[in-house]
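I opened my notebook beside the sequence and the 3D view.

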Amino acid sequence: MTQRRSQEIRQNFLQRLHAELSGIENPNERQMKKIALLKVFAKELEFNLFFDKEEVKTLIQELANY
């Protein structure tokens, strides 16, 4: 996979995460929503032929730190 395409996919997930979490003020609710989203993202990436398991793990960790 090209580095550019990988960055585009990363940006897409970050944008999705931001869009979903930006309106949630309650920290507990925000955390629960974030965990649910990360599970969905991990499942999507699991079936993405362009990412291997290590890349998926790295990206999910990156998103978890958002």
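Predicted model: local features only at pLDDT ≥ 70, side-chain atom pairs only at ≥ 80, totals over all residues.

**Entry 1: the overall layout**

Starting at the N terminus, I read the elements of the protein chain as α-α-α. My tally of secondary structure is three helices and zero strands.

I looked up the dimensions next. The C-alpha atoms fill a box of roughly 40 × 20 × 15 Å along the principal axes. The accessible surface of the chain comes to about 5,000 Å², and 52% of that belongs to carbon and sulfur atoms.

How much of the chain is buried? I found that buried residues make up 27% of the 66 residues.

I also checked the contacts with a separation of 6 or more, and 60% of them are accounted for by residues 24 or more positions apart.

**Entry 2: helix H1**

I started with helix H1, which covers residues 3-21. Its 19 residues should span 27 Å at 1.5 Å a residue, and I found its end C-alpha atoms 27 Å apart, which agrees.

Which residues of H1 are buried? I wrote down Ser6, Ile9, Arg10, Phe13, Leu17 and Leu21. Looking down the axis of H1, I see these buried residues fall within an arc of 100 degrees, so they line one face of the helix. A reminder to myself: an α-helix has 3.6 residues a turn, so residues three or four places apart point the same way.

On the other side of H1, I found Arg4, Gln15 and Ala19 exposed. The cover over the buried residues of H1 includes helix H2 (27-46) and helix H3 (53-64).

**Entry 3: helix H2**

I repeated the check on H2. This helix has 20 residues and reaches 28 Å from its first C-alpha to its last, close to the 28 Å expected at 1.5 Å a residue.

The buried residues of H2 are Lys34, Leu37, Leu38, Phe41 and Leu45. Seen down the axis of H2, they fall within an arc of 110 degrees, so they too line one face of their helix. I noted that they pack against H1 and H3.

On the other side of H2, I found Asn28, Met32 and Lys39 exposed.

**Entry 4: the nonpolar core**

Which residues touch the most other members of the largest nonpolar core? Of its 14 residues, I listed Phe13, Phe41, Leu45 and Leu63. The elements that give two or more residues to this core are H1, H2 and H3.

I then followed Phe13. Its relative accessible area is 5%, so Phe13 is buried, the cut-off being under 20%. Setting aside residues up to four places away in sequence, Phe13 touches Phe41, Glu44, Leu45, Leu59 and Leu63. Phe41 is buried as well, with a relative accessible area of 1%.

I searched for aromatic pairs, and the count came to one. The rings of Phe13 and Phe41 have their centres 4.8 Å apart and their planes at 65 degrees, so the pair is edge-to-face. This pair links distant parts of the chain, with Phe13 in helix H1 and Phe41 in helix H2, 28 residues apart.

Leu21 is in helix H1. Is Leu21 buried or exposed? At 0% relative accessibility, I count Leu21 as buried. Leaving aside neighbours within four places in sequence, I found Leu21 in contact with Arg30, Lys33, Lys34, Leu37 and Tyr66. Leu21 and Met32 are 11 residues apart in sequence, and their C-alpha atoms are 10 Å apart in space.

Gly23 sits in the loop between H1 and H2. With a relative accessible area of 63%, Gly23 is exposed, since the cut-off for that word is over 50%. From Gly23 to Ala36 I count 13 residues in sequence and 16 Å in space, C-alpha to C-alpha.

Lys33 lies in helix H2. At 31% relative accessibility, Lys33 counts as partly exposed. Beyond neighbours within four places in sequence, Lys33 is in contact with Glu20, Leu21 and Ile24. Lys33 and Glu20 are 13 residues apart in sequence, with C-alpha atoms 8.1 Å apart in space.

Key. Residues numbered from 1 in each chain as written. Heavy atoms only, no water. Helix = DSSP H or I, 4+ residues; strand = E, 2+ residues; numbered from the N terminus. Expected span 1.5 Å × (residues − 1). Buried < 20%, exposed > 50% of the residue type's maximum accessible area, 1.4 Å probe, protein only. Arc of directions from axis to C-beta. Contact = heavy atoms within 4.5 Å. Core = buried A, V, L, I, M, F, W, Y, C linked by side-chain atoms within 4.5 Å. Areas by Shrake-Rupley, 256 points an atom, 1.4 Å probe, with all protein chains shown as cover. Phe/Tyr/Trp six-rings, centres within 6.5 Å; stacked < 30°, edge-to-face > 60°.
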